[in-house]
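Please examine the sequence and the model below before reading on.

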Amino acid sequence: MKWYVLQVMTGMEDQIRKQLAHKGIHASVPHEMRVLRSGGKWLQREYILIPSYVFVQIDYTAALFYVLKETSGIIKLLGNGGQPSPLSPNEEDWIITWENPLEPSTVRFVEMGGYQVISGPLTGQNIKILKIDRHRRRAKVEISILGKPKITYLSLEVLKEF
């Protein structure tokens, strides 16, 4: 079975995942434990990592297309040239880690404005770090979905600052 990407209505990702599970289709919606500052304290809350996308692991057939099409909230099955396309092996490897909410990546800031990623999702091969905001404890990253860049944000846990 291969992984495919569904574009869905924003805010309905988890509902669609549940509907697909009732139909016997394995679906995944990536979540992360986002670090937020509220009331002077750092808290963690669960957020959808990539809004408007649901990832499904299927053997694609024309009959399955109609099962997906009749599911409320699904806009389209993504692909290249009008045909649904499976994710690349590198993209699949990263998706497998999405079954549980992603924990914040551990980052150590070093002298001269550099940083070192110790652990977490920022160590993935499918991620390009664009910017790190140490005050908000968030990284702006670019990930690849069907070979196209998608920008999202991941939380950080800061070990040491200079």
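Leucine 64 counts as buried, because its relative accessibility is 15% and the limit for that class is under 20%. The model in which this value was computed is a predicted one. Leucine 64 belongs to helix H2, which covers residues 62–69. Beyond its neighbours within four places in sequence, leucine 64 is in contact with Ile25, Ile58 and Asp59.

Arginine 34 is a charged residue, located in strand S3 (residues 31–38). Is arginine 34 buried or exposed? With a relative accessible area of 16%, arginine 34 is buried, since the class requires a value under 20%. Its side chain makes a polar contact of 3.0 Å with the side chain of glutamate 32. When residues up to four places away in sequence are not counted, arginine 34 touches Leu43, Gln44, Arg45, Tyr47, Ile48, Arg138, Tyr153 and Ser155.

The interior may be considered next. In soluble globular proteins, nonpolar side chains tend to be buried together. The largest nonpolar core of this model contains 25 residues, and those that touch the most other members are Val5, Ile50, Phe55, Leu87, Trp98, Leu122 and Ile145. Two or more residues each are given to this core by strand S1 (2–8), strand S5 (53–58), helix H3 (89–95), strand S9 (105–109), strand S11 (127–133), strand S12 (138–145) and S13. Strand S12 provides the largest share, 4 residues. Leucine 87 illustrates the surroundings of one member: apart from neighbours within four places in sequence, leucine 87 is in contact with Trp3, Val5, Phe55, Glu92, Ile95, Ile145 and Leu146. A second, separate core has 16 residues, including Tyr4, Met12, Leu20 and Ile58. Ile58 is also among the contacts of leucine 64.

Attention now turns to empty space. Rolling a probe the size of a water molecule over the atoms shows where such space is left. The largest pocket holds about 260 Å³. Its lining comprises 15 residues, of which Lys76, Leu78, Gly79, Leu146 and Lys148 are the closest to the centre. Strands S6 (74–77), S7 (79–80), S8 (83–84) and S13 (148–158) each supply at least two lining residues, and S13 contributes the largest share, 3 residues. Classified by type, the lining consists of 8 nonpolar, 4 polar and 3 charged residues. Leu146, one of the residues closest to the pocket centre, is also in contact with leucine 87.

Terms used:
Residues numbered from 1 in each chain as written. Predicted model: local features only at pLDDT ≥ 70, side-chain atom pairs only at ≥ 80, totals over all residues. Heavy atoms only, no water. Buried < 20%, exposed > 50% of the residue type's maximum accessible area, 1.4 Å probe, protein only. Polar contact = N/O pair within 3.5 Å; in protein donor to acceptor, adjacent residues only side chain to side chain. Contact = heavy atoms within 4.5 Å. 1 Å grid on protein atoms, 1.4 Å probe; cavity = no way out; pocket = protein on both sides within 12 Å on 5 of 7 lines; lining within 4 Å. Points joined across faces, edges and corners; volume = space filled by probe spheres on them. Core = buried A, V, L, I, M, F, W, Y, C linked by side-chain atoms within 4.5 Å.
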